[in-house]
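Please look over the structure shown below, with attention to its pockets and to the residues that line them.

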Amino acid sequence: MTHPLDLTANAIADGIRSGAFSAETAVGESIRRAKAVGERLNAFAVIREEQALEAARLADRAVARGEATGPLHGVPFAAKDLTPTAGDLTTLGSWTKGDWVPEETALCIRRLQAAGAILIGKTTTPEFAFSSFTNSPRWGVTRNPWNPERTSGGSSGGAGVAVATGVVPFAEGTDMGGSVRIPAAFCGVVGLKPSLGRIPMTILPSVFDNISHFGPLARSVTDAVAFMQATAGGSDEDIASLPIGFDGAAARMGSLAGKRFALSLDLGYYQIQPRVEAVIRQAVAEMRRAGAIVDEVPMDWTRAVNDEWFDLWCVFMSAFFGDELAGHRHHMDPSVVSMIERGLAMNATAYKRVELLRTSMWKDMARLFERYDALLCPTCAITAPPVAETDDDYVATLPDGRFKGLDLTCPFNMLPQLPALSLPAGFASDGLPVGLQIVGKRFADEQVLSMAAAVEALLAVAGLNATSLGFGERQAV
C-alpha cells in the first residue's frame, strides 16, 4: 500500500487538511526514513526530530481548529547544510565553521515554512559546496541509493538521496555549477536550476554573484512546481531577484504539442558514455513518437567553457572562503585549498574577459532559440562514478580531442538566466539513472517545467524513468 508520505507534496497537504491522515504521521515516517537512510547512505548532517514533530502537532491542531492552512501544510522537506536555518547546526560541510547555529533562516526556507512545510533535517554537502562528489571533511562520503559504491553526486548530494529514497517529496538545493542537477541525475530525481533571480539568493556574502541559484530536487515535476510556487518571487533581500510571480498552472500544463527541441548529445566537445547516449536517444525517440519535433544540431563549444567556468568558481571560493586558510588550512579539503589559492592568484583582467566567452555562448543560444523552444542534452556525460574518485578524474582532453568531463551542467551556469532541468530519463545498462537536461529560454521556467512534465508522463507510460518505478518500493530503508 502507498504510504501518505509517498504522495505528491500537494496531495500530502490535502490529506492532512481533510483528516485522511495526520501531519504527525507523515513527519514521523519521514524522520524514520531519514534515520535509516542516514545510517546506510550518510545523507543527513542534522535530523530535527523534536522540532519537526512539534511542528507537525501544531499543524494538526490548526486543522482541528479549522484555521487557514498553507498549500504545503504539514509536508516534510529537507534543506542543505549550506543554507542557514535558525537554531540548527549549520556547517557547510566544513570544520571551519565550528558548531555555528544561525539566528536567522534563509528566505527560501522561510517561504517554504510559511507555506506550511516542515523542515525535518539538513542534508550533506561537500565543503563549501565545491564538488560534484558529496564527500566532506566534516561528514564523510554520501552514497548513491541505487549503488552505495557510487557517489550521490554533488554538491546537493544528501538532498538527492533524501528525495530518491522517499524521505521527503522535495528538498532545497543550491546550484553554482550543477549542484542541483548533478545529484538529481545520479540519484534519479528531478532537479531544477531556475532562471537567475526567480528565487532570491540570500545566503552569500554578496548579492551580486550571478552563477548561484536555489532550486528543488524533487520526486516529480509536480513536486518541483510546488517548491517553485512557494519560493519564487522578488524580495529586497536580493537586489538581483525578479519582481515577478510564478504561474503554477502554466508549469503543470504538460504538453509537447507543437514544441520544437534542439538535441546536442555532447555540446560539441564532451565524451559521452555510450550507455548514457543510449538512454537519451531512447527518451528522444519517445518524444518524437508523442509528436514533438527533435532535431539533432551541431554545436561548436569547447572545453574552454568548463575551464573558464572553473576560473569563476575559484574566484568565488577565494572571495567568500579565502580567509579560512589562515586558521583552518590543515583540516580543509585539499582541493578546496587549491581552488582558493588559484582564485587568489587570478588576474582581474582575465577574470573580466570570461564575459567574452559567456557572450559568445549566449549568441549561440539566442540563435538556437529562434527556431527551438528548448535545448536537450544529457545532464551528465557518465552514470554515477565510484565514491573514491574526485572531480580531478574528470578534467582531461582525451587523445581524440574530446573532453573527459563529468557533467554538462556548468555551461548553463555561465548563462544563468536560462532555466535548466534534469529529468530522470531511464536506467543505463549498469543499472544507474540517467538524467535528460532541458534548457529553456530566458526566464521561461514555467515552460521548461511544463515540457518536463509532458516528457515525464510519456516516459512513465513507457516504463523508462525512475519516477515510474515508485520510490516507496525502492527505498534504501
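**Pockets and their linings**

With 4 residues, α10 gives the most to the lining of the second largest pocket. This is a predicted model, in which local features need pLDDT of at least 70 and side-chain atom pairs count only at pLDDT 80 or more, while totals for chains, interfaces and linings use all residues. Residues are numbered from 1 along each chain as its sequence is written, and side-chain values use heavy atoms, with hydrogens and water left out.

**Second largest pocket**
- A pocket is an open set of points on a 1 Å grid over the protein atoms alone, where a 1.4 Å probe fits, with protein on both sides within 12 Å along at least five of seven lines, and lining residues have an atom within 4 Å of a point.
- The second largest pocket has a volume of about 380 Å³, a volume being the space filled by probe spheres set on the points, which are joined across faces, edges and corners.
- Its lining has 23 residues, and L82, P84, W100, I203 and L204 are the closest to its centre.
- Both α4 (107-114) and α10 supply at least two lining residues, where helices (H or I, at least four residues) and strands (E, at least two) are DSSP runs numbered from the N terminus.

**Largest pocket**
- The largest pocket has a volume of about 730 Å³, and of the 35 residues that line it, F130, F310, D391, D392 and V395 lie nearest its centre.
- At least two lining residues come from each of α10 (304-321), α12 (334-344) and β15 (403-405), and α10 supplies the largest share, 5 residues.
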